[in-house]
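Hello,

Here is the structure you were expecting. My notes follow below it.

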Amino acid sequence: MTRRQATKRYMAMILIELLMDQKATKLTVATFLKTANLSRTTFYNHFPTGMCGLFWWTLEQQIIQKVDESIVSGDWESGCHEVIQFITRYRMFCLNLYYLADYPERRRFFEQVMKQIIHKALRHYKTQYTPQQLNHLEDFYGGAIIRQLDCWFENNLQTEPEVIDERLCFNLKQLEQIVKSD
């Protein structure tokens with residue numbers, strides 16, 4: 001592991017610690033830097049987009065890699081379970097990230113991640129569909145999954161994780177059946 005990677009992982013660990021205990025109304029770079037004992041230059045050298053960059057990098061390291069691995073192995077459900085388990089395990093952290101990120105940034109992140117995940121899952125069916133058709137499937141099903149996650153977060157994650165997991169898996173299975181049947 002490079003020194004740069006180690007520094008980023010350290011910052012992600014501090015972020016998780018800061019946002020795990022209680023609901024945060026805001027998290028400033030200054031507060032983060034004081035806790036992490038880092039300079040502003042070091043922080044922005046690693047995350048030029050500021051706290052949002054750190055938020056998304058942390059999520060990518062914690063969730064997205066595991067989801068990608070399950071999709072590559074052909075196991076959609078496992079990836080779905082990973083997401084729900086992470087949110088459940090790090091409930092306050094995820095809620096804080098959700099509410100601290102502004103809506104357009106959060107939406108952009110969710111869309112990027114969902115399109116990427118669904119795109120990888122559909123790559124086996126490239127010959128059956130035009131690139132435009134695959135894009136439509138990615139947009140539609142990505143939007144449906146994002147909406148389900150948004151509703152769960154807007155309800156402060158009160159719905160049982162198993163219910164959300166079942167919904168997401170159902171939708172992914174339906175998409176898989178659709179593309180397999182054509």
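Cys 169 counts as buried because its relative accessibility is 6%, where buried means under 20% relative accessible area, exposed over 50% and partly exposed in between (1.4 Å probe, protein chains only). This is a predicted model, in which local features need pLDDT of at least 70 and side-chain atom pairs count only at pLDDT 80 or more, while totals for chains, interfaces and linings use all residues. Residues are numbered from 1 along each chain as its sequence is written, and side-chain values use heavy atoms, with hydrogens and water left out.

On disulfides (a pair of cysteine sulfur atoms within 2.5 Å), the count is zero. Cys 169 is in none, with the nearest cysteine sulfur, that of Cys 80, 3.4 Å away.

The largest nonpolar core has 62 residues; such a core is a set of buried Ala, Val, Leu, Ile, Met, Phe, Trp, Tyr and Cys residues joined through side-chain atoms within 4.5 Å. Helix α4 (51-72) supplies at least two residues of this core, and its share, 10 residues, is the largest. Helices here are DSSP runs (H or I, at least four residues), numbered from the N terminus. Among the members that touch the most others are Phe 32 and Phe 43. Contact meaning heavy atoms within 4.5 Å, Phe 32 touches Phe 43, Met 51 and Leu 54, among others, not counting residues up to four places away in sequence.

Helix α8 covers residues 131-154. Its buried residues include Leu 134, Tyr 141 and Trp 152, and what covers the buried residues of α8 includes α7 (103-122) and α9 (161-181). Just after α8, Asn 156 takes a positive phi of about 55°.

Regards

Terms used. Expected span 1.5 Å × (residues − 1).
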